[in-house]
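Before reading on, please take a moment with the sequence and the structure shown below.

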Amino acid sequence: PTLAPTPQPSSTPPATSTPTPSLTPFPTPAATVLPTPAPTLPATVQPTPAPTPAATERPTPAPTPTSVGGAASAATEAVVARLEASDSTGVFMYDTGNGWIESDIYTWPDMIKAVQLMATTGVGSAKLWLGDSDDPRYGLVNVAAFLAQCMQETIQYNACDENNWSDGAVVQEAGGSAYSTTAACGQLHQSYQDYQCSAEEDAEAGGQMACDVDPDMEMRATTQASWYGAPPKLFCAPKSKVPKAPRWDPTGPWCAPEGQWGHVAPFPDDESLDTYFDYVNEGGSCRDYTGIKAGGWAFSGEGCEGGVCPGSPPIGETEGRTDVEGCCWWGRGVIQTTGVCNFGKLNFFMGKRAAQEGRASIYPDIDFCRNPGAICEPGGPPELKWVAGFFYWLNAVQTYSSGGWMYKAELEKWVDSGMNMQDTGFINGASGIVNRGCHNPPNCGTGELHGGASRIDNFRKVLTAMGLL
């Protein structure tokens with residue numbers, strides 16, 4: 001299953017306010033679709049593009065994806081050519097709270113590279129479908145439907161790692177403590193380290209597809225939300241280093257901005273985890289990330305008991321987690337890849353395990369089971385956050401067929417009928433699969449489609465950039 005990152009509100013709240021997202025689900029590669037909070041943006045909201053930030057040097061991607069065959073078909077060549085000729089200015093925008101600007105995490109060139117990789121090499125026998133001829137319209141519409149979801153779920157928040165969105169409203173529904181660090185283990189009754197693969201998948205992998213849970217693994221996310229008092233990056237650590245889970249208090253001390261009296265310098269990105277964990281255990285504040293406005297770690301209030309702040313009880317359990325041991329499997333990438341099964345699939349089909357077992361691998365040097373954070377690391381392959389999203393798409397959406405509604409057939413029918421944007425049946429169906437697990441929510445019992453109007457607007461914006469409208 002996958003989770004959406006924590007949304008930012010559209011404007012910076014006052015010091016006493018904390019955003020309360022509405023509850024909505026997000027794409028779940030496994031059969032069960034679980035709800036995920038995200039705020040609803042008004043359908044009429046259209047970001048006003050700010051000037052594109054000045055180009056900055058990217059770190060040299062390491063390791064470099066290995067070409068493993070799959071000559072580009074005429075369809076792939078045609079689609080890539082149209083993508084390269086597209087006017088992508090103002091498409092991938094995110095809300096800073098003070099206006100909309102171009103995302104520096106999700107870029108059009110990185111997306112194109114991911115399209116090429118997934119259409120020619122793919123993952124196992126699955127490949128991104130870009131049509132069956134040199135007519136690029138079918139492939140472009142498939143990519144546009146994918147991007148419409150990504151823009152709604154992650155790009156508008158400029159997030160790669162899942163955010164801690166377990167606020168008071170979530171706690172009221174699911175239990176636990178507001179903004180507990182155990183969000184890394186799973187939010188809203190979920191336990192990411194317990195997501196197991198199917199018997200068929202395990203058999204394909206020779207016994208076990210999922211990653212092993214290492215209780216000694218420790219890491220910290222790369223991104224976090226940036227609204228007033230936003231919780232810091234998720235992290236995991238053994239109980240020997242963080243014995244009791246605290247919670248983040250967004251109403252905690254005000255954090256003086258840089259250049260003002262009382263400013264405390266935030267930890268650098270390369271600060272040792274031991275130093276950071278000591279700071280957390282001591283109930284520190286204002287040092288967690290650059291630009292922090294308020295907040296600190298606490299071990300009481302908002303659901304905490306006896307000096308520990310539990311998370312919501314996982315499904316089938318009566319007690320929530322009180323530590324973050326083995327909790328390194330939070331969502332990452334443009335359509336959040338989450339849990340030991342999904343990271344195990346990435347490793348088996350396109351990571352180090354594939355290479356070690358003699359299979360073709362796009363990223364032979366990346367062990368997704370030892371380092372799930374590779375998807376979001378600044379020095380990693382920049383297209384990887386897109387590749388992980390396409391991996392979900394070609395397995396869960398492209399192949400979707402239920403109740404007589406087949407994704408690929410509906411796509412072709414919509415294109416052949418003239419790509420009329422007044423006919424929203426196709427994009428609404430695709431959005432429903434991603435957001436609710438079926439093409440016709442709420443008929444599958446998981447609730448109404450969230451953000452349907454925004455997803456349609458995103459779809460139109462991408463198709464316009466591609467020159468199809």
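## Helix H6 and its surroundings

In this predicted model, helix H6 spans residues 273-281, and its buried residues are Tyr276, Phe277, Tyr279 and Val280. When the helix is viewed down its axis, these buried residues of H6 fall within an arc of 155°, so they line one face of the helix. An α-helix has 3.6 residues a turn, so residues three or four places apart point the same way. Just after H6 comes glycine 283, which takes a positive phi of about 75°.

## Two helices packed on H9

Two packed helices are described by the angle between their axes and the distance between the axes. The table gives these two values for the pairs that H9 (residues 384-396) forms with H2 (residues 108-120) and with H3 (residues 137-153).

| Helix pair | Axes come within | Crossing angle |
|---|---|---|
| H2 and H9 | within 9 Å | roughly 45° |
| H3 and H9 | within 11 Å | roughly 110° |

With axes that cross at roughly 45°, H2 and H9 are therefore oblique to each other, and H2 passes H9 in a right-handed crossing. On the H2 side, the residues that meet H9 are Asp110, Met111, Ala114, Val115, Leu117 and Met118, while H9 contributes Trp386, Val387, Phe390, Phe391 and Leu394. Sorted by class, the contact of H2 with H9 has 10 nonpolar residues, no polar residues and one charged residue.

For H3 and H9, the axes cross at roughly 110°, and the two helices are therefore roughly perpendicular to each other; their crossing is right-handed. The contact is made by Asn142, Ala145, Phe146, Leu147, Gln149 and Cys150 of H3, together with Trp386, Gly389, Phe390 and Trp393 of H9. By class, the residues of this contact of H3 with H9 divide into seven nonpolar, three polar and no charged. Trp386 and Phe390 of H9 are listed in the contact with H2 and also in the contact with H3.

## The chain as a whole

How many helices and strands does the chain have? The chain has 12 helices and 10 strands, and buried residues make up 57% of its 469 residues. Among the contacts in the chain with a separation of 6 or more, residues 24 or more positions apart account for 71%.

Note on methods. Residues numbered from 1 in each chain as written. Predicted model: local features only at pLDDT ≥ 70, side-chain atom pairs only at ≥ 80, totals over all residues. Heavy atoms only, no water. Buried < 20%, exposed > 50% of the residue type's maximum accessible area, 1.4 Å probe, protein only. Helix = DSSP H or I, 4+ residues; strand = E, 2+ residues; numbered from the N terminus. Arc of directions from axis to C-beta. Axes fitted to C-alpha atoms, helices over the stretch in contact; angles between N-to-C directions. Parallel < 35°, antiparallel > 145°, perpendicular 65-115°, else oblique. Left-handed = near helix turned anticlockwise from the far one by under 90°. Contact = heavy atoms within 4.5 Å. Nonpolar A, V, L, I, M, F, W, Y, C, P; charged D, E, K, R; others polar.
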